[in-house]
Amino acid sequence: MAHSTAELILLVDDDALTRRSARHFLESDGYEVIEAADGEAALAACAEQVPTLVLMDRVMPGLDGVTALRHLPAKSGGGAVPVIIMSAADEAEQAAEALEAGAVDFVRKPIKRAELLARVRTRIQLQAAQRRLEQRSRVEAIVREAGTSFIEAAPTETDKAIHTSLERLRALFDADRAYVFQFEGGGVMSNTHETVSSGTTPEREHLQGVPIDVFPWWMEELRERGVVHIPDVANLPPEATSEREILEPQGIKSLVVVPLLRAGQVAGFIGFDSVRRYRTWTADETELLASFGANVMILLDRFRIESKLAQVRTEFERLTGAIPQAYFLMSGRMRTVEQTSPGRRKIWGDQPPPKDRDGLLETIDIRDRDRLNSLLDAAMVPREQSLPAVEVRTAGTGSTVWISCSTYPISTDDDAGLGVMIAEDITARKRSEQEVQERRERELETSARIQRDILLREPTISDDLAEIGAITVPSEQVDGDFFDTFQFTPDTFDLIVADVMGKGITGAFWGAAIKNQFLQVALEHLTHAGERLPAIADIVNGAHRNVADTLAELSSFTTLSYSRFFLRSHRLDYIDAGHMPIIHYHARTERCWLIKGDNVPLGFLADEHYEPRSVSFAPNDLFLFYSDGVVETINETREQYGEQRLIASIERNAAQGVQEIVRRTKSDVFAFARGMGFSDDLTIVAVRFRRPLEEDYREVAAVYPAVVDSVEPIRNRLEKALADYYLDVAPRRMRDEIVLALNEALVNIVEHGVSSPTDARLHVELGMHADWVSIRVTYPGQPFDWTRVSSPDVREMQERGYGTFIMNETMDSVVYLHDLRGGMMLSMVKWI
Amino acid sequence: MISTRKQGDVTILSSDVDHLDASNSKQFKQEVQPLIGGSTKLLIDASTLKFVDSSGLGAILSVLRDLKKQGGDLKIASPTAAIQVLFDLVRLERIVGVYASREDALGAFDG
């Protein structure tokens, strides 16, 4: 058995011969022996150096063996020094007495080598085992106590706690130096903690920023075995040359080192050096040291995070001192409030700062808590863009403060779970938003009132046989839709339906202003023209002159439809300034026709001349006017309501009264929109005239194949009818012109207009009134832009293209209408 | 559909039908075309035409264009009231001489 230090045995006997032979036997077995001749001398020797075992004669002059062993001092680690009694007497009684007195064994004299060594060896081994257990228990106690003290240690006491434990272990191991090294990055390490035995020079100051790679073998051992144990530095393996060169000059004989591990990587180490003597560490001890190392590491890491936090806090304090926003420095992934900035008091007043998230949420209005909580939950999740801020209200009885909260994780090298919540007082902004909202609502209310009281006054008509119905649904943003009616004579009825571009109060005022212009101009004309009815062209052009410049300046415009119904003679004169078509429901055929004009909206072109057009109607026909909001209403699939549905609704409800037709049409639009809301006003106006035709009204209606050969018979038939009716009234030339226009129209239709000529039919209707004539030709065909046909110059000797020109020149109104079933109608009117 | 006769160097043309319109304007052109050559002087006696429409007018203008290309000339005599309505509408007199009688028209050629 190899001993770095031999076991020390005290040999006590008054007989020198016995001492000599016993010493010889013991030394031959490798023990170190000191001698004493009597009990007093033995006690003195023990006081100087405590032996591992005492071998003592029972009978000695003076203090005998049994008495002396009662006075032996305790061992260094506690417990009595074991004593083996030697006695010549071979008596059981004496042996029992000795054992009772505390001896551990009994050897008979004369001493026999084999017996002596067997007894001593057994005792020494037992002793060593006991010592190891005691040592282990002591190390365990220190490591355990260190663990406890570390947990309880305040951050500022970290170094002290490590130092205390390190010193206790050093003392226990009787080592001369105990130390902690921590790696610092950049391939260097520093001695952060050190304790030394008395008489040993501290080295810590010199061991800062030492390159790690000066201990290559050592590091390899730490990584591979988890311990470096060197009982004798002189016996280091050849690959540890670098280590030896450093350790030997320091006089180090033995050492043990365990690693400090962070996430499985060596991040430093704890070691114990023995200078004065050789020492070994058992596997139990190194294991416990490793456990101690783990505790130290936990403490150091905690300290590192605390230091980082302290550093962040200082920085936080510095940065947030002058900032009006309130900053909440939070740890534990936004769970614990570590610190708040001075700005907090500006929002929360004198309330103490919350300790944690729950405390913070309690200061927030209960309606907003979940949203803030979600924000805090999401705060630490790494993402490309920062989270959008959340706007919340403070709780409590005082005036509500609106806060915008945003969060940012603080990135640290080691994911310390720190984050910041920034709370900004946005009450002022919220209040002004609210004011803007309120102002908007007030404005809306005003425009709604203007619209209700001025723009959309309930239309009336003073004719027992006429009906009018109107409905307007203002959108969320009221605009300048308006309609108005004038009845200048008992036999006429004027209706204006307009849509002013411009929303809210501006649009409403514009609507009111333009509406007023029409009334003003109409009144002027009435004054100047005496009893004559002001022409609708005069009214529209006059009003346009008055508003065009202003509209142009404002880049605004107004679409408008001005209609005048001649109730007795059943004619509609209208000017369409870019408005929606008028829907004309023919009671007799139960078909709807779309009536369009060709003028641009008011305000588009300053020199636009507004030309009236005319169409005839029959008793019980229905006219429907509507704003673009109706057909442009969209449903959830973004489909528009459209003309098709509108016409279907009218045809479906044509048997109803006009009020009911309007109401049902509105319901149809609403059902279509299904709660999608309306971005534009919906205006629907319907009129119907029931007055019968005049007695002198005559009509010729006939159906012909849509071929060129039909032209001449139609021409001849109508020419005759006109001649018969207007013989004494209309000059021949006028009749010739009408026939010519009819001829041109028919030729155009059969040559260009009819979509399926083989079986197509022309429905020709000639309506003759006392003072005007109407010609309508209905045929299957596609809508086309009849307003864009140019007039040729005869000097260019073109063969074609005079037809439309002739029609427009000879007739007072030429209009093409279409329905949505592939029907076209040419409608011409001529004043007689 | 047309009848012609010569008076001096003027070819006098009259219609056998009382209308010149979409139904027969092509035929009219086809029949007049052979009469044009050199410096033809053509007089349309319109007294028999009760109705002419824009197709008929187109045919007349087509003939006029061909005549002018070859140095010829066209005049119209004795339009009925119904035809005069059309001529007035398109201001035909700006390019074609229209005369109340055949004699006036013939005299105009000489001038």
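Volume is the space filled by probe spheres set on the points, with grid points joined across faces, edges and corners. Around the largest cavity stand L13(B), S14(B), S15(B), L20(B), F28(B), I44(B), D45(B), L49(B) and I60(B). Two elements of chain B, β2 (10-15) and β4 (41-45), each give two or more residues to that lining, and β2(B) gives the most, with three residues. Helices (H or I, at least four residues) and strands (E, at least two) are DSSP runs, numbered from the N terminus. By class, the lining holds six nonpolar, two polar and one charged residue; Ala, Val, Leu, Ile, Met, Phe, Trp, Tyr, Cys and Pro count as nonpolar, Asp, Glu, Lys and Arg as charged, and the others, Gly among them, as polar.

How many cavities of 30 Å³ or more does a search of the whole structure find? There are two. The second largest cavity contains about 30 Å³ of space, and its lining is made of I44(B), A46(B), L49(B), V52(B), I60(B), I76(B), I83(B) and F87(B). That lining has eight nonpolar residues, with no polar and no charged ones.

## Getting to know chain B

Chain B has four helices and seven strands, and along the sequence they follow the pattern β-β-β-α-β-β-α-β-α-β-α. Of its 111 residues, 54% count as buried, meaning under 20% relative accessible area, with exposed being over 50% and partly exposed in between (1.4 Å probe, protein chains only). Contact means heavy atoms within 4.5 Å. Among the contacts in chain B with a separation of 6 or more, 70% come from residues 24 or more positions apart.

Let us look at one residue, F109(B), found in helix α4 (residues 102-110) of chain B. Because its relative accessible area is 8%, F109(B) is buried. Leaving out residues up to four places away in sequence, F109(B) touches V10(B), K41(B), L42(B), L43(B), D73(B), L74(B) and K75(B). Although F109(B) and K41(B) are 68 residues apart in sequence, their C-alpha atoms are 7.6 Å apart in space.

Helix α17 (residues 642-653) of chain A has 12 residues and reaches 17 Å from its first C-alpha to its last, close to the 16 Å expected at 1.5 Å a residue. The expected span is 1.5 Å times one less than the number of residues. Buried in α17(A) are G642(A), L646(A), I647(A), S649(A), I650(A) and N653(A). Their cover includes β22 (582-586), β23 (591-595), β25 (622-626), α16 (628-631) and α18 (658-673) of chain A. Helix α20 (residues 732-753) of chain A should span 32 Å with its 22 residues, and its end C-alpha atoms are 30 Å apart, which agrees. This helix, α20(A), is mostly covered, as 16 of its 22 residues are buried.

Strands β12 (residues 326-331) and β13 (residues 336-340) of chain A run antiparallel and are joined by four bridges; two strands pair if DSSP finds at least two bridges between them. M330(A) sits opposite V337(A) in β13(A). Four residues lie between the strands of this hairpin, where G332(A) takes a positive phi near 60°.

## How to read the numbers

Residues are numbered from 1 along each chain as its sequence is written, while chains are lettered from A and ligands numbered from 1 in the order in which they are written. In this predicted model local features need pLDDT of at least 70, side-chain atom pairs count only at pLDDT 80 or more, and totals for chains, interfaces and linings use all residues, while side-chain values use heavy atoms, leaving out hydrogens and water.

How values were computed: On a 1 Å grid over the protein atoms alone, a cavity is a set of points where a 1.4 Å probe fits but cannot get out, and a pocket is an open set with protein on both sides within 12 Å along at least five of seven lines; lining residues have an atom within 4 Å of a point.
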